[in-house]
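Please look at the sequence and the model, then read on.

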Amino acid sequence: MDVDEPVCLPRLSRVAVCGGTHGNELPGVYLVRELLKLQRRASEGEEDDGEEHTSMLTVLSNPRAVQQCRRYTDTDLNRCFTLATLNGPTSDSPPYEVLRAQELNAMLGPKGGPGAVDLVCDLHSTTANMGLCFIAYSDCDWICLHIFKHLQRRMPDTPMRFIHLGISGKESYSLDSVGKHGFAMEIGPQPHGGVRSDIYAVMSAGVRHMLDWVGLFNSGAVFEGGWVDVFTLVKNIDYPRDSKTHNITAAIHSHLQDRDFCLLRPHDPVFQTFSGETLRYEGGEPLYALFINECSYYEKGIALSLARKRRLAVPGIRAQTEEEEQADERALTSEEEE
Amino acid sequence: MSEPRSQVSSLLSVCDSTTTSQPDGGGGDVKTQPHLNSEAGNFSTAAPAAFSVSTSPPSTLPGMSFHGITARLSEARRVAIFGGTHGNEMSGVALVNLWIKNSDDIQRRGVDIKPFIANPKAVEKCVRYVETDLNRAFTPENLSASGGDEFPYEVRRAQEINRMFGPKGSPDAYDVIFDLHNTTSNMGCTLILESSKDHFNLQMMNYIKKAISPASCLVLLNEHPLLKYSTCRSVAKHAVGLEVGPQPQGVLRSNIFEAMRVILKHALDFIELFNEGMEFPPCTVEVFRVNERIDYPRDANRNIIAMVHPNLQDCDWEPLNPGDPMFQTFDGKTIPYQGSCTVYPTFINEAAYYEKQQAFVTTRRETLAASSIRKA
């Protein structure tokens, strides 16, 4: 990698900010509502100053679940964005969320197509003590990584981590995978169904700094390369369960509760059974624990997730100039003609 | 005045079976205090958002002394422990399921103790309720109504519970029902009392508070004529609510689970001692009496336009003075508390209460006197 030459990437002319993908994750719901209010006010008073603006779509992803203040009504919307679900035939009475996913794909996508929005930022909250996290499929999407670095610089008091899902783009299933670039912004700890002002403030600042970065990027700023610590998901651990009823028989151990991103070593306590016994980590490799006691993962069989951490080199980047974009288009057109 | 918050944390750490090490790198700037799931009181009144009633005089009047009188009360022979009255308040669900499977820890001489899942359908779906809040459903109208499937599930369930553990108000009703709840609010361990004249309950609560000291367990008294509501536990002669938090809905935290278990252990010990003839001398109990329900500021469409202010968030039981920050709008403006005197807020930011138009409830501190009691 030539550290002197920043990587040149297309400008981000369309950005989507989505909230309420899970209807009970309220900080995102309220933030989207406030952004919509601001946009309405801005468009009412807008004067055309001739500048090209990035267009921002603000989306309330799952209005029905929001109205009921539930994670989902029929099925988890944030698992409905696989290509198979988006493009596949729909059954006679498809779940609400499948239809909604297809609508969102039409609005923001189509996923994988040239018309998809440039960036999707999907807002989430978690009961786990995770601070602010970016969750992305790729560990080489320099746009997302640079936005993350920008937020780290601008919000030094907020604990921030970059989580890499480590699954291929083909298997991606979440809303943020619809855009050309995308990530989930996940903030905790926040009980579902409520909104804490401190969590809202962090989310609001995070989105604001992200949009600032997009503006800077689009105006041609060069962002220096650097390093980002990335947590790549390796596996999930379920609760111990009763073999007959499938009910959980232990809770996260008090030593581990709230210690997201601590290093879990072999024999460290993980669970405390209801009868007081300690269950310990049996794996051979020390791994970082996260999503510790996220409530909505009980039904998915996840008590906590485990990740490896590594330091990733991120190249410098800048936006393509108009000339470079046009040159690209000409090259593409002539390829097609051939 | 005492520091409820530090007492809360010390109770939760006392109840940990091992010492909890400090989080490394977790939380940081974002507050990570555990939040007590407040038992969502269902303040079923249609009264406007801020409704103030002048506090009635405490039940202990200066001229009235109980010192010479020992109240003779009947033994508490039949006791029930309800979990899952709200299906997503996990500590009670886990404890009751544990005790249904293995009742060793809840055996006491001379008492028949029944662990019971109050709302099994809600527990199965891990929701607060399926059609309507069970913990508001025990109204006289609901309990006396006849009919079948046209009633919401929880109303039919209330009638069933009333048949099994009541009838409410009759001599056949269970002696004591403990109703286990969690809250997203930072309430620590809170016992909920429905009558300032229930000396048996007052003595029990005094016993529990002393047993867990220096850890704290506060007492919330809801005797407000309009804000009181018809709870599941009100079917019994002595209704005891236990609210422990903070805990998100649908989540089970070890420390919260242990705190609830310890409180119940002492409660059952008290009953056993009482039934064996122990006399409990007169005592006083500090309570927080429900005063007023405060809703979120809302716009014309009833949407919330502000959140609990960061200065108030997690400060359950701490004094809120006139002029103190109360709410923060989404664009950062502070809305101050405009009451006329200092109050003690609780159930601050209980997630289940957004739909009940309640951001928090204010209370006033009071000292109740309980007469000496002994079994008849």
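A:Met185 is buried, because its relative accessibility is 0% (buried means under 20% relative accessible area, exposed over 50%, partly exposed in between, with a 1.4 Å probe and protein chains only). The residue sits in strand β7 of chain A, residues 181-188. Helices (H or I, at least four residues) and strands (E, at least two) are DSSP runs, numbered from the N terminus. A:Met185 touches several residues beyond four places away in sequence, among them A:Cys121, A:Leu151 and A:Val207. Contact means heavy atoms within 4.5 Å. A:Pro95 is 90 residues from A:Met185 in sequence and 26 Å away in space, C-alpha to C-alpha.

This is a predicted model: local features need pLDDT of at least 70, side-chain atom pairs count only at pLDDT 80 or more, and totals for chains, interfaces and linings use all residues. Residues are numbered from 1 along each chain as its sequence is written, chains are lettered from A and ligands numbered from 1 in the order in which they are written, and side-chain values use heavy atoms, with hydrogens and water left out.

**Where the chains meet**

Chain A gives 42 residues to the contact and chain B gives 48 residues. Between them they bury about 3700 Å², with 52% of it on carbon and sulfur atoms. Buried area is the accessible area (1.4 Å probe) that two parts lose on being put together, summed over both. A:Arg196, A:Ser197 and A:Phe274 supply 18% of the area that chain A buries against chain B, more than any other three residues.

The interface holds three salt bridges. A salt bridge is a side-chain nitrogen of Lys or Arg within 4 Å of a carboxyl oxygen of Asp or Glu. A:Asp258 and B:Arg253 form a salt bridge through their side chains, 2.7 Å from N to O. On the side of chain A that touches chain B, α1 (26-44), α6 (197-218) and β10 (250-252) are the elements that give two or more residues. The largest share, five residues, comes from α6(A).

B:Gln328 is in strand β10 of chain B, residues 325-329. Its relative accessible area is 17%, so B:Gln328 is buried. Its contacts beyond four places in sequence include A:Ser197, B:His309 and B:Lys333.

**Salt bridges within the chains**

Over all chains, the structure holds 38 salt bridges.

A:Asp139 lies in the loop between β5 (131-136) and α5 (142-154) of chain A and A:Arg310 in strand β15, so the pair ties together parts 171 residues apart in sequence. A:Arg310 is partly exposed, because its relative accessibility is 35%.

B:Lys265 is partly exposed at 40%, whereas B:Asp269 is buried at 16%. B:Lys265 and B:Asp269 both lie in helix α7 of chain B (residues 254-275), four residues apart, about one turn of the helix.

Chain B also has a salt-bridge network that links B:Glu89, B:Arg128, B:Asp133, B:Glu355 and B:Lys356.

**Chain B as a whole**

Chain B has seven helices and 14 strands. Of its 376 residues, 60% count as buried.
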